[in-house]
Amino acid sequence: APWKAVLVLLSPPAFSTTCARCAKDRRLRQKRAISERQLTRYFVDHRKVRVVGGQGGAGGHSFYSEPRKIFGGPDGGNGGDGGHVILKADQQTKSLSSVLPFYQGFRGERGGRKNCYGANGACVYVKVPIGTLVKEDGEVVADLTQHGEEYVAAYGGAGGKGNRFFLSNENRAPTLFTPGEPGQERVLHLELKTTAHAGLVGFPNAGKSSLLRAISRAKPAVAAYPFTTLNPHVGIVHYQDYEQVAVADIPGLIKGAHQNRGLGVTFLKHIERCRFLLFVVDLSVPQPWIQLQDLKYELEQYDRGLSERPCVVIGNKIDLAESRINLPLLREQVAERVIALSALTGDNLEELLWHLRELYDTYVKTEQSRGQSPVKW
């Protein structure tokens, strides 16, 4: 029918790596400008937290008495235990920005009459992202890497004993009862290692933030000066079959980053959890393959074997004249696959999205063959 054809023409096209119209729509999508200072509240990768377990409830102090049974004896019950403070890895939580600097468990109730025990205090659950490291005095005490995994950060205090507990043949009417014990108190440092599927690794001003804005809905700050990105950002690439691939924009590295120069190892740790790497090099600079060698050297010095993970080399700024001259030279110098594109104009983004999906599918099959569940976003 004619109306059916009209509906087909008016319906929005589905995303496809071979559709030029869809690619044009993706790269021309306008995004509201947002500064790096505003972005800091969206992604926080470090928190110092003081946790205190709940106070245990005091024991009861009472004597049973009723008509014709005046001296019924002690019947004060024990107090309830204090509530714990528990860190729980949650797949929906992506940053430590929602974690407060102080948490305390609920207090246990006091023991009642007629040997009634007090209720235990409720536990306080603190949701943290998957990949959170829990440190105390510089030592790692927990690594939450699975959804639903829990760690008791502070135990609640034990409840006090009622006077019924102290009944004995020598003391038939004890008046002694004990208060509840205080909860455990600790100061913990929470560090987040981003568990994205892919990590954008490159030197400052290589175009990592612009590339992430082009392929996802993330809004990292973009400017014509180095170190524009001071915090990691995670963007989600959506595919037609509803698969989602998380891509992390790691702040720019410099020579000597493994020695804590520049932004240092603060952001090198985020690359550890990435399943595959996207090396972004600036094709407009002389000898761009030197950038790739330096990046691999920094990763290898930080963690041996990190640079050998599945990767692809992205030659950015292909829209410049110098880049077109350096592209064939780069392909001769490196053994990895080189994808030339322009994050500014959107040229050849389809090839990157296609290869990104291939890397993701390979990662999923590898995890399933090992009997492990792959990370899903």
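The model is predicted, so local features require pLDDT of at least 70, side-chain atom pairs count only at pLDDT 80 or more, and totals for chains, interfaces and linings use all residues. Residues are numbered from 1 along each chain as its sequence is written, and side-chain values use heavy atoms, with hydrogens and water left out.

**Figure 1. Overview of the protein chain.** The secondary structure comprises eight helices and 14 strands; these are DSSP runs numbered from the N terminus, with helices being H or I of at least four residues and strands E of at least two. Of the 377 residues, 48% are buried. Buried denotes under 20% relative accessible area, exposed over 50%, and partly exposed in between, with a 1.4 Å probe and protein chains only. Among contacts with a separation of 6 or more, 73% are between residues 24 or more positions apart; a contact means heavy atoms within 4.5 Å.

**Figure 2. Surroundings of aspartate 282.** Aspartate 282 belongs to strand β12 and is buried, at a relative accessible area of 8%. Not counting residues up to four places away in sequence, aspartate 282 touches Asn205, Pro288, Gln291, Asn316 and Lys317.

Figure 3. Leaving aside neighbours within four places in sequence, phenylalanine 276 is in contact with His197, Ala198, Gly199, Val245, Pro310, Leu356, Leu359, Tyr360 and Tyr363.

**Figure 4. An open sheet of three strands.** The strand order is β4-β2-β7, with mixed pairing; two strands pair if DSSP finds at least two bridges between them. Because β4 (124-129) and β7 (150-154) are edge strands with a single partner each, one side of each is left without a neighbour in the sheet. Strand β2 (residues 85-90) and β4 are parallel, over six bridges, and aspartate 90 is opposite proline 129 in β4.

**Figure 5. The kink in helix α7.** Helix α7 (residues 321-333) has a kink of about 35° at leucine 327, shortly before proline 328. The bend at a residue is the angle between axes fitted to the seven residues ending there and the seven starting there. Ser323, Asn326, Leu327 and Leu330 are buried in α7, and the elements that cover the buried residues of this helix include β12, α6 (289-302), β13 and β14 (338-340).

**Figure 6. Two asparagines with positive phi.** Asparagine 115, in the loop between β3 (102-104) and β4, has phi near 60° and is partly exposed, at 35% relative accessible area. Asparagine 348 lies in the loop between β14 and α8. Its phi is about 65°, and its relative accessibility of 29% counts as partly exposed.
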